[in-house]
Amino acid sequence: MLVQNVQLEIKKASKEQMPILVNALEFSKYPFQLHSNYFAIVWIHEGTGIMETDLMKTSFSANQILCFNTYQAFVLFSKTPVKASLLLFHANFFCIETYHHEVGCNGVLFNNVYATSKIDVPNANLEELTEIFNHITSEIKEDELASNELVFSYLKIFLIKLTRLKSEFNPGNRSKSKRLPDFLEQLTILINEHFHKEHQPSYYAEQLNVTVKTLSHATKKFFSKTVTALLQEKIILKAKWELLHTNTPIKQIAAGLGFQDEYYFSRFFKKHIGIAPKQFREEEWNIRRGFLSIP
């Protein structure tokens, strides 16, 4: 199955269509797939399998949590029967950029191109996280104005706890695992500085004085992504930000990201997001001008 073929579902995030949702998942024979305009958190309670997006592939097991950006298509393939919880929320309800100074999840749980979305949940934290998650689930079912404020507060606490786990205890954390090779440390600097104009892995390999093969092998080992995937994800994140937060014409956004052809940029964007840049901007602006659950 190609992740790009997962159909996009745009939820309106209004009073009629709740901007935060929780569902129980069980699957074994058929994979679970999702592609929506909501942030997604999948908590694996039982089972093992493989998680795949169009940019990476990694394994998952019980007591792990997977986080996904808005418009990020993903598929979960089970090796053994899986039981999980799915938490979805729109930026209209909780904007991770607005509350980054309080929560710190932007660039850790979400929008981090140099790490997998996987978080291990230690047994010592399992009861506390379960209690917070249950509060979110219970309050969502309550049809009262005050309930929205409680859901918002519990979600904020949940994200803070996950951010701390990801930063302090996740096996991928550099201080807790093997240190990145020096040339990969340098690669992250080079990508952050040049992704908007240099799209070819060969450029970065040349700058680091290593072969493309060596560089790709290292990024797959430490980041679970190819060099091309790292570059593409940086481009996608920047493009989404420009489309959401500025009035910059799409042609100008494309040029600023190193695309000489606006139509090629549109095809690139649609391949990864599921809709063209113009429609993405229109859909999200329409939603974000509407109902805000919490001011």
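This briefing describes one predicted protein model, from its overall make-up to single residues.

The protein has 295 residues, of which 51% are buried (under 20% relative accessible area, with exposed meaning over 50% and partly exposed in between, for a 1.4 Å probe and protein chains only). Its secondary structure comes to ten helices and seven strands; helices (H or I, at least four residues) and strands (E, at least two) are DSSP runs, numbered from the N terminus. Among contacts (heavy atoms within 4.5 Å) between residues at least 6 apart in sequence, 75% join residues at least 24 apart.

Residues are numbered from 1 along each chain as its sequence is written, and side-chain values use heavy atoms, with hydrogens and water left out. Because the model is predicted, local features need pLDDT of at least 70 and side-chain atom pairs count only at pLDDT 80 or more, while totals for chains, interfaces and linings use all residues.

**Strand E3 and its partners**

- Ten of the 14 residues of E3 are buried, so this strand is largely enclosed by the rest of the structure.
- E3 pairs with strand E6 (residues 74–89) in the antiparallel sense over twelve bridges; two strands pair if DSSP finds at least two bridges between them.
- Strand E5 (residues 64–68) also pairs with E3 in the antiparallel sense, over five bridges.
- E4 and E3 are antiparallel as well, with four bridges, and they form a hairpin with four residues between them.
- Ile-50 stands opposite Phe-77 in E6 and opposite Ser-59 in E4.
- Trp-43 stands opposite Ile-65 in E5.

**Strand E4**

- In a regular strand the side chains alternate between the two faces of the sheet.

**Met-51**

- Met-51 is in strand E3 and stands opposite Thr-58 in E4.
- Met-51 counts as buried because its relative accessibility is 0%.
- Not counting residues up to four places away in sequence, Met-51 touches residues including Met-56, Lys-57, Thr-58, Phe-60 and Ser-117.
- Pro-31 is 20 residues from Met-51 in sequence, and the two are 9.8 Å apart in space, C-alpha to C-alpha.

**Asn-37**

- Asn-37 is found in the loop between strand E2 (32–34) and strand E3 (39–52).
- With a relative accessible area of 1%, Asn-37 is buried.
- A polar atom of the Asn-37 side chain lies 2.8 Å from the backbone oxygen of Lys-11.
- Leaving out residues up to four places away in sequence, Asn-37 touches Lys-11 and others, among them Leu-8, Thr-70, His-90 and Ile-287.

**Two asparagines with positive phi**

- Asn-63, in the loop between E4 and E5, has a positive phi of about 60° although it is not a glycine.
- Asn-63 is partly exposed, with a relative accessible area of 26%.
- Asn-111 is found in the loop between helix H1 (100–103) and strand E7 (118–120), and its phi is near 60°, a positive value in a residue other than glycine.
- At 23% relative accessibility, Asn-111 counts as partly exposed.

**The second largest pocket**

- About 470 Å³ of space lies in the second largest pocket; a pocket is found on a 1 Å grid over the protein atoms alone, as an open set of points with protein on both sides within 12 Å along at least five of seven lines, and its lining residues have an atom within 4 Å of a point.
- Grid points are joined across faces, edges and corners, and the volume is the space filled by probe spheres set on the points.
- Of the 22 lining residues, the closest to the centre of this pocket are Glu-97, Asn-106, Asn-111, Leu-237 and Trp-241.
- Helix H7 (227–245) and helix H10 (277–288) are the elements that give two or more residues to the lining of this pocket, and H7 gives the most, with seven.
- The lining of the second largest pocket divides into eleven nonpolar residues (Ala, Val, Leu, Ile, Met, Phe, Trp, Tyr, Cys and Pro), five charged (Asp, Glu, Lys and Arg) and six polar (the others, Gly among them).

**Lys-220**

- Lys-220 is found in helix H6 (residues 212–223).
- Lys-220 and Met-56 are 164 residues apart in sequence and 8.9 Å apart in space, C-alpha to C-alpha.

Technical notes: A polar contact is a pair of N or O atoms within 3.5 Å; within protein, one must be able to donate a hydrogen and the other to accept it, and residues adjacent in sequence count only if both atoms are side-chain atoms. On a 1 Å grid over the protein atoms alone, a cavity is a set of points where a 1.4 Å probe fits but cannot get out, and a pocket is an open set with protein on both sides within 12 Å along at least five of seven lines; lining residues have an atom within 4 Å of a point.
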